Amino acid sequence: MTAQMQDAAVIDGRSVADSVVETVKQAAEELKQQTGVIPGIAVVIVGEDPASKVYVASKGKKAKECGFHSVQHTLADSTSEADLLALVEELNDDPQIHGILVQLPLPGHIDDGRVIQAINPQKDVDGFHVINAGKLTTGEVETAFVPCTPAGSTLLIERVRGKDLSGLNAVVVGRSNIVGKPMASLLLAANATVTVAHSRTPDLPAACRNADILVAAVGRPEMIKGDWVKPGATIIDVGINRIAAPERGEGKTRLVGDVAYGECAKVAGAITPVPGGVGPMTIAMLMANTLVSAYRHAGRTPPNF
Ligand SMILES: NC(=O)C1=CN([C@@H]2O[C@H](COP(=O)(O)OP(=O)(O)OC[C@H]3O[C@@H](n4cnc5c(N)ncnc54)[C@H](OP(=O)(O)O)[C@@H]3O)[C@@H](O)[C@H]2O)C=CC1
Ligand SMILES: Nc1nc(=O)c2c([nH]1)NC[C@@H]1CN(c3ccc(C(=O)N[C@@H](CCC(=O)O)C(=O)O)cc3)C=[N+]21
């Protein structure tokens with residue numbers, strides 16, 4: 001091809017997230033009027049990680065915007081695992097709470113897995129409990145919670161490619177339990193042919209060049225380069241990396257994804273920006289999952305997202 005290609009369409013995660021939140025807000029109001037139930041979310045944060053504090057604050061703000069009952073538990077870094085487990089039990093038993101989120105990562109002396117498995121699966125709005133992970137892989141999503149970041153990424157992919165991904169190759173870079181694996185399950189459920197790449201993948205650029213849909217969830221700033229991208233591909237950049245930005249002044253930082261945005265946008269058909277892509281969708285889907293939980297607890301059929 002000799003003609004200059006046009007830059008990729010930018011997938012506006014903020015506006016899709018706003019429309020999800022609008023639906024949540026209206027459905028929450030309806031539930032309240034019909035049953036008196038107000039969706040309730042509890043966010044638990046242990047320690048003082050500044051990035052975690054920012055995310056937790058924006059979750060609380062969004063929950064209020066949706067008309068939810070929202071509580072935050074901030075525990076000291078030195079909190080014991082037993083005390084955290086006791087709080088989870090209390091929230092499991094609290095009828096006003098429909099969604100429980102324990103912000104990860106937890107301090108090193110606490111076993112993340114043990115805490116996640118202690119959450120009532122029917123309140124596990126992160127979708128990290130083995131019951132929910134199992135339901136996702138076996139296709140029982142009607143009664144499960146799907147993890148927010150992959151669920152939000154799927155809605156963005158739908159906007160570009162539709163719901164049925166038959167005939168398309170999807171490559172997910174990253175295999176974590178919270179992003180990469182559930183993302184792969186959702187792509188498979190949408191009939192894509194799925195490859196999951198990771199740190200032991202021998203030729204990552206070659207694997208990525210096969211992707212009609214490329215999802216990067218690695219945690220390495222701008223690792224995916226323009227010449228790894230298939231022309232016209234849809235790129236979903238999950239990465240959130242804070243890097244130094246001396247051009248903005250001494251000590252300044254900025255957020256970048258796992259994708260080298262400028263060069264990849266020249267080749268891709270559509271791409272999510274960072275910030276303003278997957279991040280806002282994650283928070284919107286957390287609200288959606290909490291709403292769904294409240295509907296289920298009230299014995300009502302929740303809306304679809
Ligand atoms: N936008 C949002 O809402 C969210 C963003 N994030 C961001 O997404 C990113 C990924 O998060 P998470 O899944 O939790 O991260 P993890 O660290 O748990 O997983 C990273 C994955 O990337 C793989 N990996 C690491 N280095 C390489 C490499 N050089 N080549 C190929 N694969 C590599 C790892 O492989 P291996 O398994 O072999 O070690 C691992 O599977 C982070 O930037 C995080 O901040 C996370 C959650 C929500
Ligand atoms: N139990 C648990 N559940 C999570 O879902 C969870 C977690 N722990 N730990 C940390 C990661 C990360 N995460 C993000 C959520 C929103 C943005 C987000 O809104 N980002 C904005 C920018 C925010 C900023 O400026 O820093 C954006 O991309 O536009 C980012 C990251 C949820 N996580």
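Reader: Which residue of β7 is the bridge partner of Val172?

Author: In this predicted model, the bridge partner of Val172 in β7 is Val215.

Reader: What makes strand β5 and strand β7 a pair?

Author: Two strands count as paired if at least two bridges are found between them. Strand β5 (residues 169-173) and strand β7 (residues 213-216) have four bridges, in the parallel sense; they are therefore called a pair.

Reader: Why are β1 and β6 called edge strands?

Author: The sheet is open, with six strands in the order β1-β11-β8-β7-β5-β6 and parallel pairing. Strands β1 (9-10) and β6 (193-197) each pair on one side only.

Reader: Which residues come nearest to ligand 1?

Author: Of the 24 residues around ligand 1, those are Gly174, Ser176, Ser199, Gly219 and Thr282. A residue belongs to this shell if its C-beta atom, placed from the backbone, lies within 6 Å of the ligand. Helix α10 (residues 278-297) gives the most to the shell, with three residues.

Reader: How do the residues of that shell divide into nonpolar, polar and charged?

Author: There are nine nonpolar, 12 polar and three charged residues. Gly counts as polar in this division.

Reader: What does the domain assignment give, and how far apart are the C-alpha centres?

Author: The assignment gives domain 1 (36-121) and domain 2 (147-279), and their C-alpha centres lie 28 Å apart.

Note on methods
Residues numbered from 1 in each chain as written. Chains lettered and ligands numbered in written order. Predicted model: local features only at pLDDT ≥ 70, side-chain atom pairs only at ≥ 80, totals over all residues. Helix = DSSP H or I, 4+ residues; strand = E, 2+ residues; numbered from the N terminus. Domains from an automatic or database assignment.
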